[in-house]
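Please read it with the sequence and the structure at hand.

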Amino acid sequence: MFGFVSYEFALSTCPENYMGKIAKWDEAEAALKDVLNNSDQHWVINKGDGEFYGPKIDVHVQDALGHKHQTATIQLDFQLPQQFQLKYNGSDGQWHQPVMIHHTVLGSME
């Protein structure tokens, strides 16, 4: 529809200036790696380019002229739910902290 001829996924990992504990970052990055590995799509690591609140998967597309653009992004945020002390009662009867998911479909094109 937009003339994109190819695309690539990138896992953006923990930046130098980050919020939270590194153990949560490791957990989040492992979850996103698992998703990417199960996608059967080519992906790369974009070391240190995550948001200050969590890692993300970015989709880069190439248009008909060969220009690359970042479009969709999916970002995991463990920090805001912790800051606001959000909890939910899970099916196991225990209280859990949710994970906030930020996303865009076409990025700046939206």
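Along the sequence, the chain runs through the pattern β-α-β-β-β-α-β-β-β, with helices (H or I, at least four residues) and strands (E, at least two) taken as DSSP runs numbered from the N terminus. The model is predicted, and local features need pLDDT of at least 70, side-chain atom pairs count only at pLDDT 80 or more, and totals for chains, interfaces and linings use all residues. Residues are numbered from 1 along each chain as its sequence is written, and side-chain values use heavy atoms, with hydrogens and water left out.

**Overall**

- The chain has two helices and seven strands.
- Its C-alpha atoms fill a box of roughly 50 × 30 × 25 Å along the principal axes.
- Of the 110 residues in the chain, 30% are buried; buried means under 20% relative accessible area, exposed over 50%, and partly exposed in between (1.4 Å probe, protein chains only).
- Among contacts (heavy atoms within 4.5 Å) between residues at least 6 apart in sequence, 59% join residues at least 24 apart.

**The sheet**

- Five strands form an open sheet in the order β2-β1-β3-β4-β7, with mixed pairing; two strands pair if DSSP finds at least two bridges between them.
- The edges are β2 and β7 (100–104), and each has a single partner strand, so one side of each is left without a neighbour in the sheet.
- From one strand to the next, the twist averages 20 degrees; axes are lines fitted to C-alpha atoms, for helices over the stretch in contact, and angles run from 0 to 180 degrees between N-to-C directions.
- Helix α1 packs on the sheet and touches β1, β2, β3 and β4, its direction making about 160 degrees with that of β1.

**Strand pairs**

- β1 (residues 6–12) and β2 (residues 43–46) are parallel and share four bridges. The chain passes from β1 through α1 (residues 22–37) to β2 in a right-handed β-α-β crossover, meaning that the path from the first strand over the helix to the second runs clockwise when the strands point away from the viewer.
- Within this pair, Ala 10 faces Val 44 in β2.
- β1 and β3 run antiparallel and are joined by seven bridges, with Ser 6 opposite Gln 62 in β3.
- β3 and β4 are antiparallel over six bridges, with Val 61 opposite His 69 in β4. The two strands form a hairpin with five residues between them, and Gly 66 in the turn has a positive phi of about 90 degrees.
- β4 and β7 are antiparallel over five bridges, and Ile 74 has His 103 in β7 as its bridge partner.

**The nonpolar core**

- The largest nonpolar core has 12 residues in all, including Phe 9, Leu 32, Trp 43, Val 59 and Leu 76. Such a core is a set of buried Ala, Val, Leu, Ile, Met, Phe, Trp, Tyr and Cys residues joined through side-chain atoms within 4.5 Å.
- β1, α1, β3 (56–62) and β4 (68–77) each supply at least two residues of this core.
- Leaving aside neighbours within four places in sequence, Leu 76 touches residues including Ala 28, Leu 32, Val 99 and Ile 101.

**Trp 25**

- Trp 25 lies in helix α1 and counts as buried because its relative accessibility is 2%.
- The side chain of Trp 25 reaches the backbone oxygen of Met 19 at 2.9 Å. This is a polar contact, a pair of N or O atoms within 3.5 Å; within protein, one must be able to donate a hydrogen and the other to accept it, and residues adjacent in sequence count only if both atoms are side-chain atoms.
- Trp 25 and Tyr 53 are 28 residues apart in sequence, with their C-alpha atoms 8.9 Å apart.

**Thr 13**

- Thr 13 sits in the loop between β1 and α1 and counts as buried at 9% relative accessibility.
- A polar atom of the Thr 13 side chain lies 2.9 Å from the backbone nitrogen of Gly 48.

**Asp 58**

- Asp 58 lies in strand β3, where five of the seven residues are buried.
- Asp 58 itself counts as buried because its relative accessibility is 0%.
- The side chains of Asp 58 and Thr 73 make a polar contact at 2.7 Å.
- Asp 58 and Lys 87, 29 residues apart along the chain, have C-alpha atoms separated by 28 Å.
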